[in-house]
Amino acid sequence: MEIINQNREDLIEYLLNCAFKHGISYTLVQSEPDDPAISFKQERKMYINTNWRNSNEIPFIIGHEIGHLMLGDQGIMYYESFSGQNSEEHSADLYSLNLIYNYSAKKGDSFQEPGTFIQNYGIPS
């Protein structure tokens, strides 16, 4: 199931506003579908590829990069295959998951099944 475009756009806006409120700047770029997002600790800036190969994952990626910067990580590129193999990646994943869960709770979404939440919010496996 795909995230409905308007819901995805609303979630992206929420996450980018969250970044801005925490002093994180961002640039949205259209690059090759396999080019990952990246964040830079010193600049507190993230670059998000809006042409990512799975557009449903873009909100999660934004939250992931916010996580790197909020947690003081070194600023590592988002690679789904690398995620989970590194504690900084795992922590950034959890940070993103928490941001998205809080957003869904504020909207009044309640999910009895975690898989439904994961599907509806584009959380990558």
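In the predicted model, strand 2 (residues 38-40) and strand 3 run antiparallel and are joined by 3 bridges. Within this pairing, isoleucine 38 faces tyrosine 47 of strand 3. The two strands make a hairpin, and 4 residues lie between them.

Serine 25 has lysine 45 of strand 3 as its bridge partner. Tyrosine 26 is bridged to methionine 46, again in strand 3. Strands of a sheet pair through backbone hydrogen bonds, in either a parallel or an antiparallel sense.

Two packed helices are described by the angle between their axes and the distance between the axes. For helix 1 and helix 2, the angle is about 10° and the axes are 9 Å apart. Angles under 35 degrees count as roughly parallel, so helix 1 is roughly parallel to helix 2. On the helix 1 side, the contact involves Arg8, Leu11, Ile12, Leu15, Leu16 and Ala19. These residues meet Ile58, Pro59, Ile62, Gly63 and Ile66 in helix 2. By class, the contact of helix 1 with helix 2 has 9 nonpolar, 1 polar and 1 charged residues.

Helix 3 meets helix 2 at another angle. The axes of helix 2 (residues 58-70) and helix 3 (residues 87-106) come within 7 Å and cross at roughly 120°. The two helices are therefore oblique to each other. Their crossing is right-handed. Helix 2 contributes Pro59, Phe60, Gly63, His64, Ile66, Gly67, His68 and Met70 to the contact. From helix 3 come Glu88, Glu89, Ala92, Asp93, Tyr95, Ser96, Leu97, Leu99 and Ile100. Sorted by class, the contact of helix 2 with helix 3 holds 9 nonpolar, 5 polar and 3 charged residues.

Helix 1 (residues 5-21) packs against helix 3 as well, at an angle of about 120° and with the axes 11 Å apart. Helix 1 and helix 3 are therefore oblique to each other. Helix 1 passes helix 3 in a right-handed crossing. In helix 1, the residues in contact are Asn7, Asp10, Leu11, Tyr14, Leu15 and Cys18. They meet Leu99, Ile100, Tyr103 and Lys106 in helix 3. This contact of helix 1 with helix 3 has 7 nonpolar, 1 polar and 2 charged residues.

Charged pairs were then examined. Side chains of opposite charge can pair when their charged atoms come close. A search of the whole structure finds 1 salt bridge. Arginine 53 forms this link with aspartate 34, and the closest N and O atoms are 2.7 Å apart. The pair joins distant parts of the chain, 19 residues apart. Arginine 53 lies in the loop between strand 3 and helix 2. Aspartate 34 lies in the loop between strand 1 and strand 2.

Definitions and conventions
Residues numbered from 1 in each chain as written. Predicted model: local features only at pLDDT ≥ 70, side-chain atom pairs only at ≥ 80, totals over all residues. Heavy atoms only, no water. Axes fitted to C-alpha atoms, helices over the stretch in contact; angles between N-to-C directions. Parallel < 35°, antiparallel > 145°, perpendicular 65-115°, else oblique. Left-handed = near helix turned anticlockwise from the far one by under 90°. Contact = heavy atoms within 4.5 Å. Nonpolar A, V, L, I, M, F, W, Y, C, P; charged D, E, K, R; others polar. Pairing = 2+ DSSP bridges. Salt bridge = Lys/Arg side-chain N within 4 Å of Asp/Glu carboxyl O.
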